[in-house]
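Please look over the sequence and the 3D structure below before reading on.

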Amino acid sequence: MATTVYFDLDGTLLDYEVPFQERFTRTVPVDPTDEMVETYSDRVLEGITQIKSDPFERAFSAVCERYSLDADPETLAAEFVDREVGATRLDPAVRRLVESLAKRHQFGVLTNGDGYMQRRKLEEHGLDDLADAVVISNEVGVRKPNPQIFETAKERLPAESYLYVGDTFEEDIAPAREAGFETVYIGDDRPDAPVSARRTAALASLLLPLVGEATEN
């Protein structure tokens, strides 16, 4: 069997061109206070980590109620999702790397987050057509760093060997290793991550040899 290569999504495959606070400010009908931004952020995180449905609408409902905003939470949530998806960027070098891997190996995305939001991002950049499997925490009911989500990923794409690329050591690298994956860490050098790169775009020279390919010039 070919090697299965899974990538994290946010911060690994995709970067953001517009900061979170700016995306929120453009969505709400008032100039938000820092407290309002924090309230929304906390409620979204709570909804996602507790694997609740419609976490963005729930968060906007809380904000509208607490700060007496005359707005429809469902509409705000839809606008925010559109803005977040539109703020993501797939580096051309990362696309070429993924396309190269997908031709010869099983390629998957393994990410925490809301299923609707994460799939919108994949569709926006055509990654849904390249991926052989997409494993999203709020769809499978367990999230990183729980090793079970990595076991689920392995079940989706059986292989002789597995590789995971992620940008958070505690949520990505450590549990992936526990589940039997080789790993590549995206971030600053650290001694407990012997294979690492500062940015995903610089991965080709490291990643292709790990899955038995020669690096293309």
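This is a predicted model: local features need pLDDT of at least 70, side-chain atom pairs count only at pLDDT 80 or more; totals for chains, interfaces and linings use all residues.

Residues are numbered from 1 along each chain as its sequence is written, and side-chain values use heavy atoms, with hydrogens and water left out.

Q: How do the rings of F20 and F80 pair: stacked, tilted or edge-to-face?
A: Rings of Phe, Tyr and Trp (its six-membered ring) pair if their centres lie within 6.5 Å; planes under 30 degrees apart count as stacked, over 60 as edge-to-face and the rest as tilted. A search of the whole structure finds 15 such aromatic pairs. For F20 and F80, the centres are 6.0 Å apart and the planes stand at 70 degrees, so the pair is edge-to-face.

Q: How many residues apart are F20 and F80 in the chain?
A: Helices (DSSP runs of H or I, at least four residues) and strands (runs of E, at least two) are numbered from the N terminus. F20 is in helix α1 (residues 20–27) and F80 is in helix α4 (residues 73–87). Their pair links distant parts of the chain, 60 residues apart.

Q: Is F80 buried or exposed?
A: Buried means under 20% relative accessible area, exposed over 50%, and partly exposed in between (1.4 Å probe, protein chains only). F20, at 30% relative accessibility, counts as partly exposed. F80 has a relative accessible area of 1%, so F80 is buried.

Q: Which helix holds Y40, the partner of F24?
A: F24 and Y40 form a tilted aromatic pair, with 4.9 Å from centre to centre and 35 degrees between the planes. F24 is buried, and so is Y40. F24 lies in helix α1, and 16 residues away Y40 lies in helix α2 (residues 34–49).

Q: What is the area buried between domain 1 and domain 2?
A: Domain bounds come from an automatic or database domain assignment, which gives domain 1 (3–16 + 89–211) and domain 2 (20–87). Buried area is the accessible area (1.4 Å probe) that two parts lose on being put together, summed over both. Carbon and sulfur atoms give 64% of the area between these domains, which is about 1200 Å².

Q: How many salt bridges are there between domain 1 and domain 2?
A: A salt bridge is a side-chain nitrogen of Lys or Arg within 4 Å of a carboxyl oxygen of Asp or Glu. E84 forms a salt bridge with K121, with the closest N and O atoms 3.0 Å apart. Between domain 1 and domain 2 the count is two salt bridges.
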